[in-house]
Amino acid sequence: GGSAIRPVSRESVNDPRLLSAILLKERISIWSSVPSLWLRLLSYIEKQAEMGRLPAFPDLRLIQLGGEALGSGPVRRWQAHYADHIRFVNLYGPTEATISATCYFLPARLKTLDNRIPIGQALPGRVLRVVDEKDQMCKPGVKGELLIGGIGLSPGYLHDNKLSEKRFVTVDGKRFFRTGDLVFVQPNGSLVFVGRNDTQV
């Protein structure tokens with residue numbers, strides 16, 4: 001058996017009560033969204049729990065979040081209400097690299113007090129580099145710009161060769177996209193996002 005994708009209406013996106021009902025009624029097993037939408041659902045769940053009506057999602061097994069920075073606080077709040085079988089994955093990647101380039105599977109019980117959740121390691125077919133201002137590889141723990149190469153890389157910006165030349169570069173014979181995102185590599189190889197090198201959100 002396979003699975004089906006269940007898109008939701010604009011009305012449902014704006015109403016966490018409806019989202020909660022869809023999760024239960026349609027036996028959704030994987031939630032996938034930006035963190036801000038999931039936070040609406042979490043706030044609704046917490047209000048229901050205060051009234052002794054915590055929603056049950058027996059089929060939900062994975063919450064997949066990406067497109068925005070994910071903080072550890074909300075994840076710990078969710079995990080305080082639900083069993084360990086509902087796992088989280090944090091996805092990262094810009095549109096220029098065809099969205100997801102890295103992933104990080106969170107532990108069943110998040111204990112860290114650090115608000116930063118790693119963005120993880122490269123997905124298959126992706127090539128990552130963390131470089132300094134001279135495009136030299138940074139050592140683990142040293143902040144640098146993340147470059148993404150490999151499958152899914154865009155050929156450039158339509159009708160904007162100047163920007164394409166600036167953002168899509170060749171380093172050591174390989175083509176990369178300059179993300180503008182600042183990261184560092186943990187000893188275990190996972191990347192941690194720490195900010196931007198420009199004003200882009």
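Let me start with Pro187, which sits in the loop between E9 and E10; helices (H or I, at least four residues) and strands (E, at least two) are DSSP runs, numbered from the N terminus. Pro187 is exposed, at a relative accessible area of 88%. For that term, buried means under 20% relative accessible area, exposed over 50%, and partly exposed in between, with a 1.4 Å probe and protein chains only. Between Pro187 and Leu106 there are 81 residues in sequence and 17 Å in space, C-alpha to C-alpha.

A word on the source. This is a predicted model, in which local features need pLDDT of at least 70 and side-chain atom pairs count only at pLDDT 80 or more, while totals for chains, interfaces and linings use all residues. Residues are numbered from 1 along each chain as its sequence is written, and side-chain values use heavy atoms, with hydrogens and water left out.

Now the chain as a whole. It contains five helices and 10 strands, and its C-alpha trace spans about 60 × 40 × 35 Å along the principal axes. Of the 201 residues, 42% are buried. Among contacts (heavy atoms within 4.5 Å) with a separation of 6 or more, 58% are between residues 24 or more positions apart.

I turn to the interior. A nonpolar core here is a set of buried Ala, Val, Leu, Ile, Met, Phe, Trp, Tyr and Cys residues joined through side-chain atoms within 4.5 Å. The largest such core has 24 residues, and Trp31, Trp38, Ile63 and Trp78 have the most contacts inside it. At least two residues of this core come from each of helix H2 (16–25), helix H3 (35–50), strand E2 (62–66) and helix H4 (72–79). H3 gives the largest share, five residues. Which residues does Ile63 contact, leaving aside its neighbours within four places in sequence? They are Trp31, Trp38, Trp78, Ile86, Arg87, Phe88 and Val89. There is also a second, separate core of 14 residues, with Tyr92, Ala97, Cys138 and Phe168 included.

Next, the pockets. On a 1 Å grid over the protein atoms alone, a pocket is an open set of points where a 1.4 Å probe fits, with protein on both sides within 12 Å along at least five of seven lines; lining residues have an atom within 4 Å of a point. A volume is the space filled by probe spheres set on the points, which are joined across faces, edges and corners.

The largest pocket has a volume of about 730 Å³. Its lining comprises 32 residues, and Gly67, Glu68, Ala69, Tyr92 and Gly93 lie nearest the centre. Two or more lining residues come from each of strand E1 (30–33), E2, strand E3 (87–92), strand E9 (174–185) and strand E10 (191–196). By class, this lining has 14 nonpolar, 12 polar and six charged residues. In this count Ala, Val, Leu, Ile, Met, Phe, Trp, Tyr, Cys and Pro are nonpolar, Asp, Glu, Lys and Arg are charged, and the others, Gly among them, are polar.

The second largest pocket holds about 560 Å³ of space. Of its 22 lining residues, Arg6, Ile28, Ile30, Trp31 and Ser32 are the closest to its centre. H2, E1 and E2 each contribute at least two residues to that lining, and E1 provides the largest share, four residues. The classes are 12 nonpolar, six polar and four charged.

Finally, the charged pairs. Side chains of opposite charge can pair when their charged atoms come close. With a salt bridge taken as a side-chain nitrogen of Lys or Arg within 4 Å of a carboxyl oxygen of Asp or Glu, the whole structure has 10.

Arg6 bridges to Glu26, with the closest N and O atoms 2.8 Å apart. Arg6 lies in the segment before helix H1 (10–13) and Glu26 in the loop between H2 and E1, so this pair ties together parts that are 20 residues apart in sequence. Arg6 is partly exposed at 37%, and Glu26 is also partly exposed, at 37%.

Asp84 and Arg109 form a salt bridge at 2.5 Å, N to O. Asp84 is in the loop between H4 and E3, and Arg109 in the loop between strand E4 (102–105) and strand E5 (121–122), 25 residues apart.

In the salt bridge between Arg178 and Asp135, the closest N and O atoms are 2.7 Å apart. Arg178 belongs to strand E9 and Asp135 to the loop between strand E6 (126–131) and strand E7 (144–150), 43 residues apart. Is Arg178 buried or exposed? At 18% relative accessibility, Arg178 counts as buried, whereas Asp135 is partly exposed at 21%. Asp135, Glu145 and Arg178 are linked in a network of salt bridges.
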